[in-house]
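I set out to record what I looked up in this structure.

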Amino acid sequence: MTRVWERAGQFLAVAGLLVGLAGCTGSDGGGGLGLDLPGKARAPGDVIRVSPEDGSRAVAADGPLEVRVDSGRLERVSVTQMADGRRAAVPGAIAADGLRWRPADGTRLALAAKYSVDAVALDAHGRRSARHTTFTTVVPESRFIGYFTPENRSTVGAGMIVSFGFNRPVENRAEVERAIRVTADPPVEVVGHWFGKERLDFRPAAYWAAGTKVTVELGLRDVEGAPGVYGIQRKTVGFTVGRSQVSLVDAAAHTMEVRRDGRLLATLPITAGAPKTTTYNGKMVVTELYDVTRMNGATVGFGGEYDIKDVPHAMRLTESGTFIHGNYWADASTFGSANVSHGCVGLRDVKGGGADTPAGWFFDRSLVGDVVEVVNSRDRAVAPDNGLGGWNMDWEEWRKGSALH
């Protein structure tokens, strides 16, 4: 369990990319609503309370920072600083009564940094509940910073897109894009694409080749991103493409073919979005992995239709809340025969997550950066800026989004 729990922190998000509570989405009930950052409001019935609130910005260096439950006990809490592609744990401890986690005495948060909070709690009956939140600390008034993914020195799948989210709107996009250099070994052309003024993604024309080493050079220090606002980062980071894993979900056939470096590993039975809550078509990239997470319909426009506090083997595919995850509540006969979800892709699992179930098998063979492509769903294609959906744009269209082309 410890090894898998650590994998939950693999993804260093673009500012605002992570959400606090997960939820499946579908075209008529979520996926097609274009909901933005659905987890920002705390869902009714949350048992784990985090301060500062999910999505908070400009948090002071001295907090406040606290995780608590009103009853039961906190089982584990991880608070992590994510800055310039590196992670550092915030020291702290759970109180003897199990009701509260606080940072160690004297701890101060770093300025211009992004933090993630991951907590799991048990109630009096031993039932598990999970919560994930993020916040960013204050950035000096005349400076801007880019929060980026993936993590420095990480090993990722072939679909990884280098994504920057800026804490302030960038007016001088050409100057900022010119100051970020993404190179690959073996060499391949890598081009940036702007989604508005606060997000810049980089990718090659096709998926990275297995074994590729990618270097990201940030020369943003003293670059004027907007009138009177200058960058503060000068870093060189990198990551490695471990292998190519692309999984093809056929929503009509209720199957998922898992291919590793072009070779078929398995064909797994799945359930996709129900007729009124269909799953997006298109290429989606795994951006987070959780051994357990909470999914609450209230956070993605489904009201009180569902609230599952212990969804096992969950892998995020979109910002708006599409996951591929373990499902222990549907009858085993559902998988491979019917679509019943609220937009997610479900794999058969058991309560608590089983290593020998289809969901456990797939989770243990997945990396951040792996690609899941959905076909034959009665929904539109996922938007290119919904998660790391940039592979749904052809190369010429992608290049047109660069400020340098």
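My entries below concern a few strands and one arginine.

I worked with a predicted model in which local features need pLDDT of at least 70, side-chain atom pairs count only at pLDDT 80 or more, and totals for chains, interfaces and linings use all residues. Residues are numbered from 1 along each chain as its sequence is written, and side-chain values use heavy atoms, with hydrogens and water left out.

Entry: I took strands as DSSP runs of E with at least two residues, numbered from the N terminus. I looked up strand β15 (residues 191–194) and found Val191 and His193 pointing one way, Gly192 and Trp194 the other way, and all of them buried (under 20% relative accessible area, 1.4 Å probe, protein chains only). In a regular strand, side chains alternate between the two faces of the sheet.

I then followed β15 to strand β16 (residues 199–203); the two run antiparallel and are joined by four bridges (strands pair if DSSP finds at least two bridges between them). Opposite His193 stands Asp201 of β16. Four residues lie between the strands of this hairpin, and Gly196 takes a positive phi near 75°.

**Entry: Arg199.** I located Arg199 in strand β16. Why does Arg199 count as buried? Arg199 counts as buried because its relative accessibility is 10%. I noted that Arg199, leaving aside neighbours within four places in sequence, is in contact (heavy atoms within 4.5 Å) with residues including His193, Trp194 and Glu319.

**Entry: strand β20.** I found β20 (residues 234–243) paired in the parallel sense with strand β12 (residues 154–157) over four bridges. Thr155 stands opposite Thr240 in β20.

Notes: Buried < 20%, exposed > 50% of the residue type's maximum accessible area, 1.4 Å probe, protein only.
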